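Thanks for coming. Let me put the sequence and the structure on the screen, and then we will walk through them.

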Amino acid sequence: MISTVVLVTGLTLILIGIWGMLTHRNILRIIIAFSLIGTGTHILIVAIGYVASGTAPIIDRSLSIAKAPMRAVDPVPSALVVTAIVIGLAVTAIMLAFAIRLYQAKKTLSIDAFTESRW
Amino acid sequence: MIRRALIVLAVALFGFMFAGLSVHHVERQSLPPLGKRYVELVPQERGAPNVITGILLTYRAFDTLGELAVLFMVAAGVGMVLGGREGDHANRLSDATPPPRQASEIVGTGAQILVPLIAIFAVYIIANGHLSAGGGFQGGAVVASSAVLLLLANPKQRFDQQMLASTEAMAGVLFVLVGVAGLIFANGFLDNRVLPLGQFGTFFSAGAIPLLSVLLGAKVGCELSVIIDRFRT
């Protein structure tokens, strides 16, 4: 149940991101939409790793080593998402750097001004 | 008009696909085999209570190393894209944008109080990565957030680029050296059993994981601070 709610949230974020990317003409807004797709994907991956009534895979007083395989959620998607968040930040940084360069070239952030590389 | 219709169609098709995915989604009742092996093996074989940090810094530590390479390339790439000739760059921006406004007193004072606290919190997150929720990546991001706060409070603040670059390089080299030590003294590259596993759940335990976590945190923090610093005009 919980994982379905989280899954739908992630998919909705991806959908909003796709819509934003296709409708907006401002490069900064396209970058924001791209980040939304990324965040939605992270939520989606975490939702897939959830196990019914599971808890965080950290051994402590309330989760003994013996019980952990029964009660913990899947650690692999969580580990993937930790790295994906950092890489998402890095990709956003590169996109913003290009946006600054494009603004310097044409003094506008509208994607309509950059028609040379259009096919 | 046609464009708008096509966009609506594309979003509707994606929505249809996602609706199918979420309707047929069934919640897992038990762990898949790989996840189960990790949950069993990390505490027993690696001595780390936090399974996720255990995966990131032992079994999949090679991927983490690759990720550090990606971060380094991004820092270099941002520098290359935004760098260029210094005078040329400054001239082109100065005629369009006004000089950065001084931060308000609230932000300035807030930064003075918060930056040391954020730094201490970051060290806590990095050093406790093997015991509770946290680790090098998360702590490094917190370090970078304190750098952002410093820049917001004082836009003219200069970071010591040389110091950041050499810290980052040292952390990277030491990370690889710990990995090579695993190759010689234990079972493979980045094996954490080069150091004694210690008592389960104590601060000095889990072999090389806390050490790798600190190196990772230093490297990520410096790298992200460099990236943020490059964006200042």
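**Overall shape**

Chain B has a radius of gyration of 23 Å, whereas a compact globule of 233 residues would come in near 17 Å. That radius is taken over C-alpha atoms, and the globule rule is 2.2 Å times the number of residues to the power 0.38. Before I go on: this is a predicted model, where local features need pLDDT of at least 70, side-chain atom pairs count only at pLDDT 80 or more, and totals for chains, interfaces and linings use all residues. Residues are numbered from 1 along each chain as its sequence is written, and chains are lettered from A and ligands numbered from 1 in the order in which they are written.

Back to shape. The C-alpha trace of chain B spans about 65 × 55 × 35 Å along its principal axes.

Now secondary structure. Chain B comes to nine helices and zero strands. Chain A comes to four helices and zero strands. Helices are DSSP runs of H or I with at least four residues, strands are runs of E with at least two, and both are numbered from the N terminus.

Next, burial. In chain B, 35% of the 233 residues count as buried. In chain A, 31% of the 119 residues do. Buried means 20 or more other C-beta atoms within 10 Å of the residue's own, exposed means 12 or fewer, and partly exposed is in between, with C-beta atoms placed from the backbone.

Contacts, then. In chain B, take those between residues at least 6 apart in sequence: 69% join residues at least 24 apart. In chain A, residues 24 or more positions apart account for 56% of the contacts with a separation of 6 or more. A contact is two C-beta atoms, placed from the backbone, within 7 Å.

How confident is the predictor in chain A? The average pLDDT is 86, and 97% of the residues score at least 70. pLDDT is the predictor's confidence in each residue, from 0 to 100. Within chain A, confidence is lowest in helix α3 (residues 68-71), at a mean of 78, and highest in α2(A), at 92.

**Where the chains meet**

On the chain B side, 45 residues are in contact with 41 residues of chain A. Which elements of chain B give two or more residues to that side? They are α1 (2-23), α2 (33-46), α3, α4 and α9. By type, the chain B side divides into 28 nonpolar, ten polar and seven charged residues. Here Ala, Val, Leu, Ile, Met, Phe, Trp, Tyr, Cys and Pro count as nonpolar, Asp, Glu, Lys and Arg as charged, and the others, Gly among them, as polar.

**Helix α4 of chain B**

The expected span is 1.5 Å times one less than the number of residues. Its buried residues include Ala61(B), Leu68(B), Leu71(B) and Val78(B). Seen down the axis of α4(B), the buried residues fall within an arc of 115 degrees, so they line one face. That arc is the one of the directions from the helix axis to the C-beta atoms. On the other side, Gly66(B), Ala69(B), Met73(B) and Met80(B) are exposed. What covers the buried residues includes α4 (75-106) of chain A, plus α3 (51-59), α8 (161-185) and α9 (209-230) of chain B.

Leu82(B) is also in this helix. Leu82(B) is partly exposed, with 18 other C-beta atoms within 10 Å. Leaving out residues up to four places away in sequence, Leu82(B) touches Ala97(A), Ile100(A) and Arg230(B).

**Helices α4 and α2 of chain A**

The 32 residues of α4(A) should span 46 Å at 1.5 Å a residue, and the end C-alpha atoms are 47 Å apart, which agrees. Among the buried residues of α4(A) are Val82(A), Val86(A), Ala90(A) and Ala97(A). Their cover includes α2 (27-48) of chain A and α2, α3, α4, α7 (136-153) and α9 of chain B.

Last stop: Leu36(A), in helix α2 of chain A. Leu36(A) counts as buried, with 20 C-beta neighbours inside 10 Å. Its C-alpha lies 7.5 Å from that of Ile16(A), 20 residues apart along the chain.
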